[in-house]
Amino acid sequence: MKNRIKQNENLLFAAWGVSLIATIGSLYFSEILGYIPCELCWYQRIFMYPIVIILGIGVVKKDTKQALYSAVFSGFGLIIAFYHYLLQKVPAMTELDSCGLIPCAGQYINWLGFITIPFLALVGFTIIFVISVVILKTNQGR
């Protein structure tokens with residue numbers, strides 16, 4: 001029982017770390033490199049930034065119930081990031097881009113031919129979502 005609690009606290013810390021890295025990364029791209037976020041990037045930020053605070057409080061208080069909130073936020077962020085990545089990489093979807101001044105299908109980075117900013121967000125949201133679900137599942141068993 002104590003092992004499970006400690007494991008969940010460590011998982012919560014790991015999810016917080018991922019959210020912190022994602023938040024710092026997005027701020028680096030916009031504030032240091034000067035990349036202007038598109039509309040979908042802003043929506044992804046709206047779902048990522050609160051996770052840092054929610055999980056940070058959860059880590060300090062050792063409250064793994066915060067995983068419910070991070071699962072919800074990361075679930076919505078995951079969907080938006082996946083759609084955004086499709087807009088960038090699927091030619092038929094690229095034609096649907098109607099984001100506004102900054103095109104959502106634009107790619108500031110394209111490392112190895114597939115790693116773009118929405119891909120990085122998708123990976124971050126996915127990791128946080130999976131960790132949150134694992135915590136919630138193991139908390140159910142208590």
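How far apart are the mean positions of the positive and negative charges of the protein chain? The mean positions of the 10 positive and 6 negative charges are 21 Å apart, where Lys and Arg count as positive and Asp and Glu as negative, with His and the chain ends not counted. Each charge is placed at NZ of Lys, CZ of Arg, CG of Asp or CD of Glu.

The model is predicted, so that local features require pLDDT of at least 70 and side-chain atom pairs pLDDT 80 or more, whereas totals for chains, interfaces and linings use all residues. Residues are numbered from 1 along each chain as its sequence is written, and side-chain values use heavy atoms, without hydrogens and water.

The secondary structure of the protein chain comprises 5 helices and 0 strands; these elements are DSSP runs numbered from the N terminus (helices H or I, at least four residues; strands E, at least two). The C-alpha trace spans about 50 × 30 × 25 Å along its principal axes. Of the 142 residues, 39% are buried (under 20% relative accessible area; exposed is over 50% and partly exposed in between, with a 1.4 Å probe and protein chains only). Among contacts (heavy atoms within 4.5 Å) between residues at least 6 apart in sequence, 72% join residues at least 24 apart.

Helix H1 covers residues 2–32 and reaches 43 Å from its first C-alpha to its last, close to the expected 45 Å, a span defined as 1.5 Å times one less than the number of residues. Buried residues of H1 include Asn8, Glu9, Leu12 and Phe29. The buried residues of this helix pack against H2 (39–61), H3 (67–89) and H5 (117–140). Just after H1, Gly34 adopts a positive phi of about 80°.

Lys62 lies in the loop between H2 and H3 and is exposed, with a relative accessible area of 53%. The C-alpha atoms of Lys62 and Glu9 are separated by 6.3 Å, although the two are 53 residues apart along the chain; Glu9 is among the buried residues of H1.

The structure holds 9 aromatic pairs, defined by ring centres of Phe, Tyr and Trp (its six-membered ring) within 6.5 Å; planes under 30 degrees apart count as stacked, over 60 as edge-to-face and the rest as tilted. The pair Phe114 and Phe119 is edge-to-face, because the ring centres are 5.3 Å apart and the planes lie at 85°. Phe114 is partly exposed, with a relative accessible area of 36%. One aromatic cluster is formed by Tyr28, Phe29, Tyr35, Tyr108 and Trp111.
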